[in-house]
Each structure stands twice: as structure tokens, then as C-alpha cells.
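Reader: I would like to work through this model one feature at a time. Please give me the general idea behind each feature, then the case at hand.

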Amino acid sequence: MSFQAYLDTIEDKTGHTPRELLAIAEAKGITAGSKAGDVVTWLADDYGLGRGHSMALWHVIKNGPQISSKHVDTTGTHRDASDTLWLDGKATRPTPA
């Protein structure tokens, strides 16, 4: 599953875009300085998300939307189209040219 697909699934399961979840996390006091376990607990308790999806959002909380270009334009299972994650929801994601 690509990194972006993790975020898309999080949106499906929570009803919130990744950017909305970042705002919710901030309101809860969860920041880049928080522990990953805090994010895992929050997302499990409030939305029933598992560790994998929680860790994907944790990466965004900690590092922003930039990811490694290691899997960009590859054919592997974890391939992503870009090294920048789209945080504003699936419905508003631009289609590649």
C-alpha cells in the first residue's frame, strides 16, 4: 500500500481529511514533539484505526507532507506518484497530467 493510500484509507475510516486530523491532533496537544504512542492511542480510541494507519499519520504530524522519493515512480507495492502527500482529501486531489 502506498503512503498516500494509507492517508486515503484514514480519510475513509474517519470522515476527516489528513489536514483536518492534523488540526484535531493540534487541538488535543499532539505535536511533532509528542510520542508516536499518543497518536496510536488517540486514533484507536476515537476512530478504531490500527497501528499502521496511525503511524502513517504520525509521520505527517512529525515530518509534514514530504516523504522519501525512494518509491516514487516505481512499480513496487509501496509506490507513490509523488514525494509530497496530498493532505486536503481525495475529492480535491489533482489528477496527474
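Author: Start with burial: a residue counts as buried when its relative accessible area is under 20%, as exposed when over 50%, and as partly exposed in between. Keep in mind that this is a predicted model.

Reader: Which residues of H3 are buried?

Author: In H3 the buried residues are Ala 36, Val 39, Val 40, Trp 42 and Leu 43. Viewed down the axis of H3, they fall within an arc of 165°, so they line one face of the helix.

Reader: Why do residues three or four places apart point the same way in an α-helix?

Author: An α-helix has 3.6 residues a turn, so residues three or four places apart point the same way.

Reader: What do the buried residues of H3 pack against?

Author: Their partners are helix H2 (18-27) and helix H4 (51-63).

Reader: How is the length of H3 to be read?

Author: Compare the reach with the expected span. H3 covers residues 36-47, which makes 12 residues, and reaches 16 Å from its first C-alpha to its last, close to the 16 Å expected at 1.5 Å a residue. Just after H3 comes Gly 48, with a positive phi of about 70°.

Reader: How many residues does H4 have, and what reach?

Author: H4 has 13 residues and reaches 18 Å between its first and last C-alpha, close to the 18 Å expected at 1.5 Å a residue. Gly 64 follows H4, and the phi of Gly 64 is positive, near 80°.

Reader: Which residues of H4 are buried, and what covers them?

Author: The buried residues of H4 are His 53, Ser 54, Ala 56, Leu 57, Trp 58, Val 60 and Ile 61. Their cover includes helix H1 (3-14), H2 and H3.

Reader: Take His 53 in helix H4. What is its relative accessible area, and which residues is His 53 in contact with, leaving aside neighbours within four places in sequence?

Author: His 53 has a relative accessible area of 14% and is buried. With neighbours within four places in sequence left aside, His 53 is in contact with Met 1, Tyr 6, Thr 9 and Ile 10.

Reader: How does one describe a pair of aromatic rings?

Author: By two quantities, the distance of the centres and the angle of the planes. Here the count comes to one aromatic pair. The ring centres of Trp 42 and Tyr 47 lie 6.4 Å apart and the planes stand at 75°, so the pair is edge-to-face. The cut-off behind that reading is that planes over 60 degrees apart count as edge-to-face.

Reader: Are the two residues buried or exposed?

Author: Trp 42 is buried, at a relative accessible area of 6%. Tyr 47 counts as partly exposed, at 23% relative accessibility.

Reader: Which residue has a positive phi although it is not a glycine?

Author: Asp 73, with a phi of about 60°. Asp 73 lies in the segment after H4 and, at 68% relative accessibility, counts as exposed.

Reader: Where is Ser 2, and which residues is it in contact with beyond four places in sequence?

Author: Ser 2 sits in the segment before H1 and counts as buried at 14% relative accessibility. Neighbours within four places aside, Ser 2 is in contact with Thr 77, His 78, Arg 79 and Asp 80.

Reader: What does the chain look like as a whole?

Author: The protein chain has four helices and zero strands, in the pattern α-α-α-α along the sequence. Its radius of gyration is 13 Å, close to the 13 Å that the globule rule gives for 97 residues, so the chain is as compact as a globular protein of that length. Along the principal axes, the C-alpha atoms fill a box of roughly 35 × 25 × 20 Å.

Reader: What share of the residues is buried, and what share of contacts joins residues at least 24 apart?

Author: Of the 97 residues, 36% count as buried. Among contacts between residues at least 6 apart in sequence, 53% join residues at least 24 apart. The accessible surface of the chain is about 5700 Å², and 52% of that belongs to carbon and sulfur atoms.

Definitions and conventions. Residues numbered from 1 in each chain as written. Predicted model: local features only at pLDDT ≥ 70, side-chain atom pairs only at ≥ 80, totals over all residues. Heavy atoms only, no water. Helix = DSSP H or I, 4+ residues; strand = E, 2+ residues; numbered from the N terminus. Expected span 1.5 Å × (residues − 1). Buried < 20%, exposed > 50% of the residue type's maximum accessible area, 1.4 Å probe, protein only. Arc of directions from axis to C-beta. Contact = heavy atoms within 4.5 Å. Rg over C-alpha atoms; globule rule 2.2 N^0.38 Å. Areas by Shrake-Rupley, 256 points an atom, 1.4 Å probe, with all protein chains shown as cover. Phe/Tyr/Trp six-rings, centres within 6.5 Å; stacked < 30°, edge-to-face > 60°.
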